[in-house]
Amino acid sequence: MNLLKLLSWEVERVTKPFLTLVAGLIVIQFGYLGYFLWDETNFYEQLRREGNADYQLSFLNYLNGTPYLLSLGIAVAAMLLYSVWIWYRDFQGRGTFMMRLLTMPQKRMTLFFAKLATILMMTLGLFAIEWIALKLQYIAFTSWFDGKMIPMGGSFEQAISYHGMLMVMYPSSLINFVIHQLIITIAVLFIFAFVLIERSFWQRTMWSPVLSLSILVVILTIPILGYAFLSNRLIYDETIVYVGMVLVVWASVTIWLGRRFLQTKLNV
Amino acid sequence: MIEVLGVKKRYRRKQVIEDVSFTANKGEITCLIGLNGTGKSTLLKGIMGLTPFDKGSVLIDGKPIDLNRVAFVADHAMFPIHFTIEQCEAFMKDFYPTFDSALFARLVEDFKLFPEDKLSELSKGTLAKANLALGIAQDPDYLLLDEPFSGIDVFSKEQIVELFSSEIMESRGVLITTHEIEDIEYLIDKAVMLNNGRIVREFDVEDVRFIHGKSIVDVMREEYGA
Amino acid sequence: MKRMWNVAALGAVIVIGLGTFAVDATEPKAEWALDISSNPSVWEDAVVEIGYSREDDVEQRFEVTTEESHITSNLNYIAEGLRYRERLNGDARSIHRIMNGWTYAQSIRTEDGYIGVGQDGMKELIVFKQEDGEKLSTFSFDASDSKIYDIVNGVWAGAFLNDGQLNLIYRDGYDENVKTMIATFNEAMNEVTVKELRMDIGFITHVINTNRFYATDVSSQVTETRYISVGVSSYEVIREGEEEINVEDPDPGLFAYDTKTGKVVQLAEGQGFWDDTVSGHNLFALNEDGEEVVIDLNTGKKTTREVLDSVDHAFYENGRLYQTRQAKDGVVIDVYEDGKQISSAAITPENEEARDMLKQIDVYVR
């Protein structure tokens, strides 16, 4: 119950910045789509006048445009920053909220999981909104070019599956989607572990960011080095099992570290 | 009884607390006295687990600390400063099963606080009163106060001092740190004097007053040579 | 409690957005059936592969057997791993493992299992041999030896067995300086001798039944014969302005390397062949008129027989000839053995999704 209550406080605190981010993304994407449709139509009309209009547009052309990619980049950067800020802001400022959060009669891990759940809900929210936005953009795209009698190639599914970033965000298999989300969760767990280790050492050594970063780099690289060593010994199905095990180890180690530092080492 | 047993704490190369042990009883006001930077705040934060001690332990009535029974009031907000007093109350109600809304309402009235005020808009004195109200409304057995009087106006001080002598505080144990001892000299039951992270003196205030005829400030002068 | 509404609202957004995504991702998949009209025993162990393509891109793949139909493209990581595991039978696992990290390998299958040659970058030449379908022995030659260096740098055409010894045919040099070479490994596979194979024309491009790396699903086994069926190409010089470019052009006809004389001979005249295969000691080839040429690779004797009226989508697999054709409600597959039709079956759509794809599928049997 405390987890849910904390989650609702966290979500309330992030509502405004989150809506700003969503609004920004939508403005960039639809604004660029408008420009793209207008620009391509002009170009096609020019070709038609010159009599060599054997030109086909696909939704992928729009998705590969810099402003669209930039909007995705902004969302990723914002989420990474917020994963750090969700902890640091409670250590900052005149009201050190972290003191309250840590002295509440509850397990400190509740706080950890509430913050994790907040980040995951925001990420899933962005994935959901972007999916709907993509569908709407596709409808706008096809109905505009249909109206202008400009030929189009490729389907919505094809555009997604050929797009470097969208094929990872929206894979054609649901199980892969879940696996990708788990990988995102692990990335967030690494960031959380970084902050908690750094905040545990900051009053003891000025090198605390370097120290905590090195600890995590070691945890991150051991399995990768292990893979470099094993890659000639493991065949495809075994590699998949290895990667699965590494993900489980990463998740457990980062949660364990987060728990250890949050419960016994954190310095406010 | 709060028992602090052989605690130590170091920051970088500086030993901030060096083997400190003392007790604070329920129903009494114990004051940690020391000049600035003598480790008073670190001790309080250490007791609350906010800056873990390197060594030693803290027991509350013989058991590890139970956060339902101990409240900590810092010298700053402990909430995001854009929160209103009302929001703080709502938050406390959500997470402290012992939070006493009626008591809080009474304190808000006594202290003449406005629930819709944002923490960022409060004067230092009003903020101190709001913090205290939130802490006391947790209805704790023990209350840890970190510099409740520092930099606040005369009237706020008076209101707080009045509260200390009221029946609301009667049965609670209070551990308070301050370097402005004059204001509460007559409320204190026990004093623990710190210097450079060590206890230099621990005494019953009444004994000193009646047997030796000295005030706390006199003892401070002796100890700190000020 | 009012704050819970924020969580509920965000939750609702997630459910709606990802719900539509999930509905799209779990769309029903096409289902196919294998309807056998005659001689079901032919189809007992057969797997029919279907490729659906749109705008020149293969979008979906299916596998259909007498029992089931399932999609094999766009699988999730776990299903992909399981499918890989399923397809590796006993002897293939060790061969996959040994070839891990190799840059190139060629192998053939004998009764005993795989035998072949591989390389690890330009550092080593490795020969491997399986005994009783299990035990795998290897021997590595260091490429610092100039003879080995030449083999490793050559363009490999393929491998064959002669007198129990493994031979590798490869090309050395480029353009007009190209030489066809043959490396023979002794039976213990720890020594190699190299000699040039004198060609009247062109060079050898491939040796039939040789697999790149490994082919788990190729069941055809190599039997030792006097003639080894090979492909021969020559360079054709094309002028582009000032520049002369050598382009590889396959020579028409059927060729073989004669192990007795050490020469390449032409087994059939210069005509185009649709597909060819070796089964047992016979070479089968289908020409564009639907005639099948059968050559005994021990004697070189050639016979010809009429098999198909016309050739459209025909291929050899496991010593049989398959021809597929689009019909109104499915793709018909006719099977021929020894010049006679032995069975007919059809791939038919089982649901609406499959019906929509029917006109754009390619069918293959393995």
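What is the mean pLDDT of chain C, and what share of its residues reach 70 or more? In this predicted model, the mean pLDDT of chain C is 88, with 97% of its residues at 70 or more. For the complex, the predictor reports an ipTM of 0.92 together with a pTM of 0.89.

The largest nonpolar core holds 124 residues, and those that touch the most other members are Phe192(A), Ile33(B), Ala133(B) and Leu144(B). Helix 5 of chain A, residues 108-147, supplies the largest share of this core with 13 residues, and at least three residues come from each of domain 1 (1-171) and domain 2 (173-268) of chain A. Leaving aside residues up to four places away in sequence, Ile33(B) touches Ile181(B), Ala191(B), Val192(B), Met193(B), Leu194(B), Ile216(B) and Met220(B). A second, separate core of 76 residues has among its members Ile50(C), Ala159(C), Ile208(C) and Leu283(C).

| Domain of chain C | Residues |
|---|---|
| Domain 1 | residues 28-88 + 318-366 |
| Domain 2 | residues 90-215 + 220-272 |

The C-alpha centres of these domains of chain C, domain 1 and domain 2, are 32 Å apart.

Between chains A and B, 22 residues of chain A are in contact with 23 residues of chain B. On the side of chain A that touches chain B, helix 1 (2-50), helix 4 (97-102) and helix 10 (236-265) of chain A each give two or more residues, and the largest share, four residues, comes from helix 4 of chain A. By residue class, this side of chain A comprises seven nonpolar, 10 polar and five charged residues.

Conventions. Residues numbered from 1 in each chain as written. Chains lettered and ligands numbered in written order. Predicted model: local features only at pLDDT ≥ 70, side-chain atom pairs only at ≥ 80, totals over all residues. pLDDT = per-residue confidence, 0-100. Core = buried A, V, L, I, M, F, W, Y, C linked by C-beta atoms within 7 Å. Buried ≥ 20, exposed ≤ 12 C-beta atoms within 10 Å, placed from the backbone. Domains from an automatic or database assignment. Contact = placed C-beta atoms within 7 Å. Nonpolar A, V, L, I, M, F, W, Y, C, P; charged D, E, K, R; others polar.
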